[in-house]
Amino acid sequence: MAGGVCVLTEFQDGDFRKVSYEVASEGKRVADALGCDLCAVVLGSGIGDKAGVLGKYGVSRAIVADDERLANYTAEAYVPVLSEILKELEPDVVLLPASLNGKDLGARLAAHLQTGLAMDCTEFKVEDGTIKAKRPLFAGKCFGWYEWDSSARPQIASCRPNVFERTVVDEGASAEISAVTPAVPSELKVQVVSVEKEEGGKIDLTEAEVIVSGGRGMKGPENFKMLEELAQLLGAAVGASRAAVDAGWRPHSDQVGQTGKVVTPNLYIAVGISGAIQHLAGMGSSKYIVAVNKDPDAPIFSKADYGIVEDLFKFIPIFTEEVKKAKG
Amino acid sequence: MNIAVLIKQVPDTETVIKIADDGKSIKTDDIKWIMNPYDEYAVEAALRLKEKTRGKVTIISTGPQRVVESIRTALAMGADEGVLVDDPALEGSDVFGVAKALAAVVKELNPDVILCGHRAVDYDEGQRGAAVAEMLGLPHIPFAVAIDVDDGATKVKVDRPVEGGKMSLEASLPVLITLGGAHAIWNPRYASLPGIMKAKKKPLATKTLSDLGIDSSEVGPDARKIRIISMEMPPEREPGKIINGDLDTEGKAKELVRVLKEEVKIL
Ligand SMILES: Cc1cc2nc3c(=O)[nH]c(=O)nc-3n(C[C@H](O)[C@H](O)[C@H](O)COP(=O)(O)OP(=O)(O)OC[C@H]3O[C@@H](n4cnc5c(N)ncnc54)[C@H](O)[C@@H]3O)c2cc1C
Ligand SMILES: Nc1ncnc2c1ncn2[C@@H]1O[C@H](COP(=O)(O)O)[C@@H](O)[C@H]1O
């Protein structure tokens with residue numbers, strides 16, 4: 001069975017990560033436009049018959065490689081397994097999540113299969129029976145549309161989290177499952193020693209629906225408690241400008257911007273952040289932007305949908321109270 | 001320990017990007033060029049490994065002669081030698097074209113560790129590290145935020161982030177590692193004045209594709225697997241609204257709550 005669209009999912013700690021459903025949904029839209037079938041490849045450990053759920057999103061068949069050695073991603077273990085499966089399937093299009101693992105996997109897989117990869121895409125269109133992909137360049141300062149050479153198959157693209165809508169096409173459907181014995185290399189030169197997850201299942205910035213970010217205006221690490229409380233109420237993740245990270249107030253993984261995380265939440269609240277070009281590049285594609293800054297001339301206001309010119313130390317506590325009231 | 005670092009020259013992050021008249025490239029007239037920040041972290045990490053193992057650090061890049069300045073910067077930071085592949089045929093290459101040239105230079109050097117950025121902050125492709133590793137048949141580890149080597153320099157231990165946490169990995173050598181993290185983690189050193197003086201005398205070789213045994217038909221625009229067909233600017237944002245300055249703080253807070261409820265619809 002050659003041709004068709006294939007999505008690679010991310011299965012971690014006993015379940016699919018949310019972005020897998022986004023990729024499956026977009027895969028379904030692309031497959032429909034191409035007039036072909038959608039299948040999925042699921043690598044991981046302890047998958048059991050959980051892959052059936054992908055049927056809801058339009059996946060007709062899921063190829064499952066369940067193996068303890070695939071519990072944690074490394075390119076060295078995953079790429080040979082996937083390339084074996086893909087050689088059999090011969091899909092025209094492969095979509096995968098542009099999560100951390102997905103970005104790395106896509107790059108190595110494309111190199112291994114000697115085909116082209118469009119990284120971190122935000123839109124696809126189908127024209128003349130092939131896909132074209134749109135992706136941000138310069139952290140979103142501009143965008144590029146890409147096409148693949150006719151010799152480059154499969155066309156591989158990774159999909160930015162939080163951009164593609166999850167669409168249940170058939171609540172009752174279940175994907176047909178084909179289990180395969182994965183060709184994990186017997187000798188691996190890279191070994192996973194440990195994985196540590198932060199307490200409380202912190203939401204990653206790249207996957208957060210709402211982000212509350214603080215900058216140098218926060219004055220010190222202790223004041224971020226204020227933003228954490230607000231974030232908790234809004235179901236948000238907390239981000240930071242490079243100035244706040246450089247000062248050692250926040251961990252590096254919180255940095256938003258051209259040399260940090262590029263984020264696309266539904267709502268981004270910038271608190272005490274001036275809006276330097278590197279910061280704006282990283283969050284400028286957020287759906288809604290709110291800025292709180294005491295300087296009415298701060299450049300962040302040029303990108304903000306709603307600007308609040310106030311001292312943040314006065315405004316944030318009062319706003320937090322109002323949010324509490326609104327939530328009842 | 002023999003360490004190779006791949007660096008790319010990119011537009012300064014301050015650059016306001018403008019699309020050129022062909023509609024599929026950017027205007028480069030007024031661009032100030034810098035070393036890709038993640039590659040600066042890679043140079044710093046290499047120098048720390050060098051200090052620990054008394055090794056040697058070679059900087060490798062491809063591009064036109066302006067790239068010499070970035071290589072000299074790395075040499076001034078403390079790297080030992082540089083190699084620039086400057087060949088017009090490489091211009092307009094995709095991942096594979098560039099990676100082929102880089103892999104050929106790396107192969108001659110036969111390093112224990114190869115370091116590079118996880119992505120270049122120009123086209124944000126994040127692919128060349130993995131491609132070079134693949135071409136050399138080496139394993140790679142992405143997004144490193146900490147790199148340590150054992151006393152005998154036989155193994156590296158690398159920490160990398162995963163969503164909501166971190167992962168520690170161990171690898172035998174040789175291995176390619178791509179650098180992640182942020183400026184605050186790596187704090188790349190500045191070039192000192194004596195460093196800058198010394199850098200001028202350090203060996204910096206320029207090579208062409210034929211020096212590396214690569215046929216120019218294997219690289220360049222015609223060999224691309226994937227290409228840009230057009231570029232566009234992000235959609236203009238509607239001019240922002242400043243929430244009524246006549247309101248008191250509480251009034252503004254109430255108005256913002258209304259916006260979140262009725263327009264953003266998250267409350
Ligand atoms: C190579 C390179 C890469 C970079 N990458 C990034 C990146 O990825 N991300 C990033 O963010 N930056 C990045 N930067 C840094 C960037 O240029 C800015 O320096 C940084 O974003 C500034 O952070 P800030 O807005 O928090 O601080 P500032 O610019 O100092 O702004 C602080 C703001 O807080 C406001 N403020 C102060 N007190 C109060 C108060 N009480 N109430 C309300 N408002 C108040 C002030 O009016 C001001 O607007 C990079 C720089 C370089 C050179
Ligand atoms: N022309 C180049 N010369 C040397 N190294 C490069 C070049 N392009 C990319 N790299 C390396 O590969 C990394 C990833 O780049 P990219 O795939 O362009 O995002 C960069 O951080 C560099 O370390």
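**Ligand site, cores and a buried glutamine**

Modeller: G78(B) follows helix 2 of chain B and has a positive phi, near 140°. This is a predicted model: local features need pLDDT of at least 70, side-chain atom pairs count only at pLDDT 80 or more, and totals for chains, interfaces and linings use all residues. Residues are numbered from 1 along each chain as written, chains are lettered from A and ligands numbered from 1 in written order, and side-chain values use heavy atoms, without hydrogens or water.

Biologist: What makes the site of ligand 1 shared between chains?

Modeller: Residues from chains A and B surround ligand 1, so the site is shared. There are 27 residues around ligand 1, and R216(A), S241(A), T259(A), S274(A) and N293(A) come nearest. A residue is near if one of its heavy atoms lies within 4 Å.

Biologist: Which helices of chain A each supply at least two residues of that shell?

Modeller: Helix 5 (242-246), helix 6 (277-283) and helix 7 (312-327). Helices are DSSP runs of H or I, at least four residues, and strands are runs of E, at least two, numbered from the N terminus.

Biologist: Which polar side-chain atoms lie 2.8 Å from an oxygen atom of ligand 1?

Modeller: One belongs to Q278(A), another to H279(A). K219(A) places a polar side-chain atom 3.0 Å from a ligand nitrogen. The protein covers 81% of the 990 Å² of accessible area that ligand 1 has on its own (Shrake-Rupley, 1.4 Å probe).

Biologist: Why is Q9(B) called buried?

Modeller: Buried means under 20% relative accessible area, exposed over 50%, partly exposed in between (1.4 Å probe, protein chains only). Q9(B) has 7%, so Q9(B) counts as buried. Q9(B) sits in strand 2 (residues 9-11) of chain B.

Biologist: What makes polar contacts with the Q9(B) side chain?

Modeller: The side chains of R66(B), at 2.8 Å, and S70(B), at 3.0 Å. A polar contact is an N or O pair within 3.5 Å; within protein, one atom must be able to donate a hydrogen and the other to accept it, and residues adjacent in sequence count only if both atoms are side-chain atoms. S70(B) is itself among the buried residues of helix 2 (residues 68-77) of chain B.

Biologist: Which residues touch the most other members of the largest nonpolar core?

Modeller: Of its 45 residues, V5(B), V43(B), I59(B), L115(B), I147(B), V156(B) and I177(B) do. Helix 1 (residues 37-53) of chain B gives the largest share, eight residues. A nonpolar core is a set of buried Ala, Val, Leu, Ile, Met, Phe, Trp, Tyr and Cys residues joined through side-chain atoms within 4.5 Å. Another core, of 44 residues, lies apart from it, and includes F16(A) and Y146(A).
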